[in-house]
Every structure is written in structure tokens, then in C-alpha cells.
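Thanks for coming. Please have the sequence and the model open while I talk.

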Amino acid sequence: MDCIHLTGIRCYGYTGYLPEEQVLGQWFEVDVRLWLDISTAAKTDAIEDTLDYRSVISLIQHLLKTSKFALIEKLVTTIADSILQECDRVTKVQVILSKPAAPIPDFGGKISIELTKSKPNL
């Protein structure tokens, strides 16, 4: 199966366990892998025969901006489920959601969750 990678999708959002994270917000970064068959598009050179990844980027940005969950586990699952639901051609998705500046004292790294899901009945 073929795979499209979208990396470095950054957006400001309001998901977090601490109350101030849901009020003040923070930056999130998302990388996704989308599994689908691109063989027809490779022959026709027509965007109608593949996935217009601009729609996936917009979907992710919308979810990051509007979702208010306590846990990023819920947010990453919502992103994966939404992509599988909205994108008929995508059969499997991997989402890596990162908090590059998690509000943890004396911690300068980033927190990431990776989730891979497939459409049911494949």
C-alpha cells in the first residue's frame, strides 16, 4: 500500500489537563501518514484520483483549534478517527501528536503520542 506523509502541521489549541492549558492554549505539532492506493493517480495525473491532502491539513488544523479535551490521547484519537471517516481513499492512518512546550517544570523536551488506526472490515 502506498503512503502519503504530511509533517510539521502546527496549530495553536486548547487541549490539556491543567485548566490554564484549556484557557491560555499552547502549540501542537502533528505528523500523519496516510495509506491509500495512488496507482490510478500515477497513471492519470489527476488530483481527483488521489487524496487532496489540503483537506486533511485543514481538518487537523480545525480539530486542533476547536477541541478542548483534558488529554492529548483523546485529541490524537479524534484526529485519526476523523481522517478515516472523512477520507474515503485512506485505509490506514498514523498520527503523531506532539506538545513541543508541555507545562512541566524543568522539562525542555516535547511530549508525543503515536496512534495507528485502520478502517474496520478491511
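This is a predicted model: local features need pLDDT of at least 70, side-chain atom pairs count only at pLDDT 80 or more; totals for chains, interfaces and linings use all residues.

Residues are numbered from 1 along each chain as its sequence is written, and side-chain values use heavy atoms, with hydrogens and water left out.

Start with the core. A nonpolar core is a set of buried Ala, Val, Leu, Ile, Met, Phe, Trp, Tyr and Cys residues joined through side-chain atoms within 4.5 Å. Buried means under 20% relative accessible area, exposed is over 50%, and partly exposed is in between, with a 1.4 Å probe and protein chains only. The largest such core has 28 residues, and those touching the most other members are Val 30, Leu 34, Ile 60, Leu 64, Ile 79 and Ile 83. At least two core residues come from each of strand 1 (2–13), strand 2 (26–36), helix 3 (53–66), helix 4 (72–86) and strand 3 (92–99). Helix 4 gives the largest share, seven residues. Helices (H or I, at least four residues) and strands (E, at least two) are DSSP runs, numbered from the N terminus. As background, nonpolar side chains in soluble globular proteins tend to be buried together.

Now Val 90, in the loop between helix 4 and strand 3. Is Val 90 buried or exposed? Val 90 is buried, because its relative accessible area is 0%. From Val 90 to Leu 34 is 56 residues in sequence, but 6.1 Å in space, C-alpha to C-alpha. Contact means heavy atoms within 4.5 Å. Not counting residues up to four places away in sequence, Val 90 touches Leu 34, Trp 35, Leu 36, Leu 51, Ile 83, Leu 84 and Lys 119.

Next, Ser 67, in the loop between helix 3 and helix 4. Ser 67 is buried, because its relative accessible area is 7%. A polar atom of its side chain lies 2.7 Å from the backbone oxygen of Leu 63. Beyond four places in sequence, Ser 67 touches Tyr 14, Thr 15 and Leu 75.

Last, the pocket. Which residues line the largest pocket? They are Gly 16, Tyr 17, Leu 18, Glu 21, Ala 70, Leu 71, Ile 72, Glu 73, Lys 99, Pro 103 and Ile 104. A pocket here is an open set of points on a 1 Å grid over the protein atoms alone, where a 1.4 Å probe fits, with protein on both sides within 12 Å along at least five of seven lines; lining residues have an atom within 4 Å of a point.

How values were computed: A polar contact is a pair of N or O atoms within 3.5 Å; within protein, one must be able to donate a hydrogen and the other to accept it, and residues adjacent in sequence count only if both atoms are side-chain atoms.
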